[in-house]
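Welcome! Please take a moment to look over the sequence and the 3D view before reading on.

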Amino acid sequence: RAKSEGRNCYRVFTPEMDETVNLRRIIEEELRIALTTGEGLEVAYQPQIAMGDNSIVGVEALARWRHPTRGYIPPSQFIPVAEQTGLIVQLGEWVLRQACLASQRWPDLFVSVNLSPIQFRANDFANHVISIVRECGADPYKIELEVTESVLLDEECGTADALRALRNAGLRIALDDFGTGYSSLGYLHRFEVDKIKIDRSFTQSLGQGTKAAAVIKAIVSLGHAMSLTVTAEGVETEIQKNFLHTAGCNEMQGYLFSKALSQEQITRLLMQSSSKKIQCYAGGSPIF
Ligand code: C2E
Ligand code: MG
Ligand code: MG
Ligand code: MG
């Protein structure tokens with residue numbers, strides 16, 4: 001028995017794992033190339049909508065990778081590899097620059113950019129971000145940074161100081177995927193943030209006999225008690241939207257309104273809705 005257990009211990013590389021390791025190496029190599037040539041990498045922008053009047057108030061910048069031969073590779077595949085290999089630092093900076101440049105085309109919108117916890121670990125991270133925003137000529141008050149709760153857990157890294165420096169420079173901070181991490185409540189009062197984004201798993205569990213409705217209401221009242229903006233992610237149906245509106249969410253984001261679009265599509269969308277009121281962006285052909 002001991003022998004068979006021992007044997008199991010040596011079966012570290014199953015064929016499937018070999019595949020995974022290979023795939024990861026391929027993604028790493030090709031992402032490195034894409035980051036130097038810029039080929040295949042794009043930034044898509046998903047509208048964020050005000051609950052009150054359905055106007056577009058901002059967009060979230062999302063990395064897109066269209067590989068010349070492998071086709072579309074979703075962020076769920078390449079972001080983790082980028083984080084494991086440190087390439088996220090370069091990728092994140094590239095996305096931030098693109099977003100800052102794009103934001104100048106949209107005077108009335110804020111643009112939010114996702115930041116990985118890995119990026120926060122770099123020396124003098126906050127000042128680095130601030131100088132990129134200035135270099136690109138963007139208005140810092142229109143740039144929002146999305147961080148996950150895991151960033152707040154990294155206490156030794158001077159996270160609180162970094163967030164404060166960023167906010168002092170005018171940037172806004174949003175807590176992404178809120179409710180899925182650890183100690184959400186305990187950490188909130190110790191860090192300066194402006195917004196919480198309720199994770200889409202809660203939105204999508206609405207009406208499924210779960211406690212999602214209660215959790216959402218609790219997050220909204222907590223957020224408002226702390227003067228934060230509350231955004232709901234992953235809104236796909238009118239029923240979800242109506243619940244979130246009644247619950248008091250300030251903003252929402254989801255396929256009900258729009259998927260992430262190219263920069264040109266966003267500009268066109270803003271021109272079409274010159275009253276800035278869009279009901280539901282079902283038309284057109286979102287390419288992302
Ligand atoms: P996230 O920051 O929570 O971004 C929202 C994700 O939800 C996006 O997926 C978006 O396309 C998707 N989404 C939006 N509305 C709906 C909806 O109604 N239904 C469903 N099912 N999904 C919806 P995406 O673009 O695939 O990105 C996944 C994650 O990858 C992001 O989650 C973010 O954590 C990460 N990511 C993407 N771009 C970047 C980046 O530039 N830097 C970093 N660090 N992470 C990124
Ligand atoms: Mg995000
Ligand atoms: Mg996220
Ligand atoms: Mg999210």
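The paragraphs below go from the core to the metal site and then to the pocket.

Keep in mind that this is a predicted model. If you pick out Leu145 and set aside its neighbours within four places in sequence, you will find it in contact with residues including Leu96, Val113, Val129, Leu166 and Ile173.

Now move along to the metal site. Which residues coordinate the magnesium ion (ligand 2)? They are Glu60, Asn114, Glu146 and Asp176, at 2.0 to 2.2 Å. Along the chain, these donors follow the spacing E-x53-N-x31-E-x29-D. Glu146 sits in strand E5 (residues 143-148) and Asp176 in strand E6 (residues 172-178), so this pair, 30 residues apart, links distant parts of the chain. Both Glu146 and Asp176 are buried. Asp176 also coordinates the magnesium ion (ligand 3), which lies 4.0 Å from the magnesium ion (ligand 2).

Finally, turn to the largest pocket, whose volume is about 1,200 Å³. Its lining is made of 39 residues, and those nearest its centre are Glu60, Leu62, Pro75, Asn114 and Arg200. Among the elements that give two or more residues to the lining are strand E2 (56-67), helix H3 (75-85), H4, E5 and E6. By class, the lining has 17 nonpolar, eleven polar and eleven charged residues.

Technical notes
Residues numbered from 1 in each chain as written. Chains lettered and ligands numbered in written order. Predicted model: local features only at pLDDT ≥ 70, side-chain atom pairs only at ≥ 80, totals over all residues. Heavy atoms only, no water. Contact = heavy atoms within 4.5 Å. Donors = N, O, S within 2.8 Å, 3.2 Å for Na, K, Ca; no water. Helix = DSSP H or I, 4+ residues; strand = E, 2+ residues; numbered from the N terminus. Buried < 20%, exposed > 50% of the residue type's maximum accessible area, 1.4 Å probe, protein only. 1 Å grid on protein atoms, 1.4 Å probe; cavity = no way out; pocket = protein on both sides within 12 Å on 5 of 7 lines; lining within 4 Å. Points joined across faces, edges and corners; volume = space filled by probe spheres on them. Nonpolar A, V, L, I, M, F, W, Y, C, P; charged D, E, K, R; others polar.
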